[in-house]
Amino acid sequence: MTRTNLGEDNRILFRENVEKLIARTKTFMTPGSVCSGVVVQGWWQSEMQWARNYLNVSADRRDLSVRFGVELGRASGSATTNQIDDASLKGVVAQAERNAYFKQSKAKETMEMLPPILPMADATVWSDSTFNAPTEQRAKLIAHLTTASRDQSLMSAGYIELRGGEFAVWDAEGADPKSVEYYTYSQAQCSMTVRHPKGQGSGWAGLSSYDWARIDAGELADRALKKCVASLNPVAIEPGRYTTILEPQAVSQLCENLIGALNNRIQADRSANSPFSLNYDQGLRIWRNMLGMKVVDDRITIEHDPEDPELGVIPRPGIGRIRFIENGVLTQMALQERRFGVEDRNINDPEKTRSAYRMSGGSTTTDEMIATTKRGLLVTRFGHAGQLDGKSLLCTGFTRDGLWLIENGKLSKAVKNMRFTESPLFMLNNLEQMGPAVPVFRPVRRATTVDMSPAIVPTLKVNDFSFTAMVDAV
Amino acid sequence: MTQSRRCFVKNGVAVATSLSVAKTFVPTESLFAESAGRRAAVPSIEDPTLKANIQRALDAARSVKADYADIRVTHSFNRDFAFRNVHSVETMGVGVRAMVNGYWGFASGPICDADELVRLAKAATTLAHSASTAYGRPNEVQLVDRPVVRDGHWTTPIKIDPFTIHPSYYSDHLGRAISNYVTTRPNGLRTDFNVGFTRVEKAVGATDGTYFTQRLYTSGGNLSVVIFWLGRQIRGSSDIFPMTGAGYELFDEVALRAEVDRVVEAIRFEASLPGLPVDVGRFDTVFAAHETANLISTTIAAPAQLDRALGFEANAAGTSFLDDPDQMIGSYRLASPLISVTGDRTMPGGIGTVAWDDDGVVPAVVPIVTNGVLTNYLTSRDVAGVARTALPVYGKTLTSNGCAQSPSAIEAPLVHTPNLTLQPSDSQKTFSMLCEDMGNGIAIGGGVIGGTAHPDMDQQLLNGYISGDIARLYAIKNGKISGTIQGAAILFRTPEFWKSVKAIGGAASAQRFAVQSTKGQPGQTTHHTVSAVPVLVEKLTYIDAKRKA
């Protein structure tokens, strides 16, 4: 029995061990079986979670998975394990074979699948400063950060996560069936909430990146604390339409569904339920989309560029730079990334999902925006932005962790949180001023997810942003 | 499906196979069992070697000066069946939690051998030491006492182990049978019936001598039916088989056919209802049992998690409007006197039912709200320990009520919501009787078209929003459904909502549902069973969801 050590020096397996693991797994196949593919994923995370000004849990976690696929005629079967001893691998291969047999015996018609979109060979988004950051240093950093909150009788809670991962695919129908596609990635995130112990104020700051060195935890802590202090004892104001300054985090949260729609060309081409579908052409019996038409303010450009060094995404073959919106005009759309069935093969569009994006920015600082506002609101972030309507992208949610009234060019008072009902398209069509585009907090949502979704967006000052109800939670 | 048929499947597939298929290879039950001659590397959860390895690792934690340590090992099997598909996942996890001066260190991984357990124990202790050193003073966390568990073992009571069921049996006798049955119904087109099973084997050991193992099963299924009606295809869904702490006996072909008939009839009725515009204002509302279950879980149980109330989740899932336990416990009126909610991880058939929680605590039946008054919070050993010092009134004698849980050993335990029960009224009221009592108003849920309403809450779980586009809203006139309301939403504040409950259903209207909840950083998702009845709430605020300011 062979066992691969996952000890301190092997947080992940790395290429050589993964290739051996895949080769070893394939030796357990029943003669005559056809392996369709093997996917190996591994990840390591160092996590520090603090609350009530104390480091609550310091964790070191790692896991892996081996997914083995078998083809039997047009049916396929797969099984997954996270064990890498011979007996377990033999078991997962046998299970995949049995699952394929079952599917073959039941299959009437199996949809043909295109091969998965693999990362480029040896592609990486890697930061040694993420993977090798000393635990002791971060513990001391958190002790330092929480001291400032404690000194002001406030409560700090937060989370730092550093992650290194790997993804390997051997695909029988891949570009090179003799080799294993392999890549590594790193991710880092830091966020914190500083609250008044009686719930009279709250401030938040956060940032994610592939590179821990790009995250200044001290600056984030300082910002969260200042926001908490400035948000104390909020007053209620009437809901309504306000000139609103949205900090980059709020902009990115409201744009989530817009990015989804830009990545869903099929919907725009085939239905009325996309903001970018135009009308049904009765003569040609097709839906017209809005490509080439102006959809937002001239100053807005939104693009996905795998080579953007600040963005940090894993390059994939066939997925190059795509400019969704250029100077307000809808210029390109992408398809949802999935394993397309036969019917989708005819679509001559090589583009796949790009959830990571950069939005163009301006040069106006937040202070300048405030100074030029007679009456308006400054929003830190939203607690939630749920979509109400797919066609207009109308969303609803609420503000949190800092909302201030601006009067005569100055922040006049903290105000109670409010529910908003607004569309990102309306927001991007009612721009007044734009700040520089900066990275925001947009980490992967689950430990098992590989794809990263960084975003770089500006602060926006927009007119007539719609707040529909008061929310008295802090 | 009859019992004798089940027994045949369970006990006689191998015999049947040998008799009937001399030429064609058919995989037998034994071939599908995980124990088909390959488990040498992963011993049974009751294997004494595992206990010895865990004890050795606990000794290693002590040797590097851990004040306390506990170890969890989980071996999980998941199997999902669809009509023509099956997928299997098997995972192991090992997690070690070590405490030094009140600071937790946690280390986990997938490999469960003796050396790796020792490495994880030392790593967790080292992490706790580094946190303690960085702060230079003890943390406020302490563990409240609990009786030591010595070599306990518990298994979810089930009749038929789902992992002994051959996929072809499921496919032929549930999937295909129901699929064909639907086509015999008037206008019936097709059905989807997917089932899923899990078995989690768990071993827990701690430095105070506690050691126990548990084998936990869940089974559940989703049924949806599509019919051609009024010139279009319409899908209806059933929640007859929510995920439950049970085995394959949960599924009953006869009950499934009856449910298909009910869903087909319900689709016809609901699809033929006229659509009505939003009428903004305040209306009495009847919530179906499933919607009530989601509301109880989100607006009563989650705010009563003591870690949320104390601020441990401030940067993650959020805090709680029940944030002053010393002042609120025993006196804060959260709801109408009709409302009593208990948490119960001993509920037979509950998804969250265990003999011991992940701290080794025997779960208590927790009266969270009694006759409308907040009476308890949900706790674990460490959170109750913090309360001992942070909450001089409520925390003074506080113990854990057994809510420590983690989805797998890879993740550190947190306070999670237990199974919940909304006590029914003494009446015989059902959903439709409550609608009749209401006379004119709105009903939410209870249909088969559309989904189930989940309230969208703020970070303190104080203000809520329920979209009327997910679960259908029905206009009620003179006690009868007169149409569906489109584009409306409900705005509410949690205490005012529950205080406005005017009537609740009786025991006959109680139903069980599986409810999911997520919290923590990194996020953890667990499930619990909620037993709920319909409720009638007075004067809820309705808005036009798409109307801007």
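The tour goes from the whole chain to a cavity, then a pocket, then a sheet.

Before clicking, note that this is a predicted model, where local features need pLDDT of at least 70, side-chain atom pairs count only at pLDDT 80 or more, and totals for chains, interfaces and linings use all residues. Residues are numbered from 1 along each chain as its sequence is written, chains are lettered from A and ligands numbered from 1 in the order in which they are written, and side-chain values use heavy atoms, with hydrogens and water left out.

**Stop 1: chain A.** Colour chain A by secondary structure: you get ten helices and 22 strands (DSSP runs, H or I of at least four residues for helices and E of at least two for strands, numbered from the N terminus). Of its 474 residues, 59% are buried (under 20% relative accessible area, 1.4 Å probe, protein chains only).

**Stop 2: the largest cavity.** The whole structure holds eight cavities of 30 Å³ or more. On a 1 Å grid over the protein atoms alone, a cavity is a set of points where a 1.4 Å probe fits but cannot get out, and lining residues have an atom within 4 Å of a point. The largest cavity has a volume of about 400 Å³, the volume being the space filled by probe spheres set on the points, which are joined across faces, edges and corners. Select A:Gln49, A:Asn56, A:Val57, B:Pro413 and B:Leu414, the closest to its centre of 29 lining residues. Now show β2(A), which gives the most to this lining, with four residues.

**Stop 3: the second largest pocket.** A pocket is an open set with protein on both sides within 12 Å along at least five of seven lines; this one has a volume of about 630 Å³. Centre on A:Arg223, A:Lys227, A:Glu247, A:Pro248 and A:Thr366, the closest to its centre among 29 lining residues. Which helix gives the most to the lining of this pocket? Select α5(A), which supplies five residues.

**Stop 4: an open sheet.** Show β13-β12-β11-β14-β21-β20 of chain A, six strands in that order with mixed pairing (strands pair if DSSP finds at least two bridges between them). β13 (329–330) and β20 of chain A are at the edges with a single partner strand each, so one side of each has no neighbour in the sheet. Zoom in on β20(A) and β21(A) (residues 455–457), which pair in the antiparallel sense over two bridges. To find one of these, select A:Pro439, whose bridge partner in β21(A) is A:Ile456.

Terms used
Buried means under 20% relative accessible area, exposed over 50%, partly exposed in between (1.4 Å probe, protein chains only).
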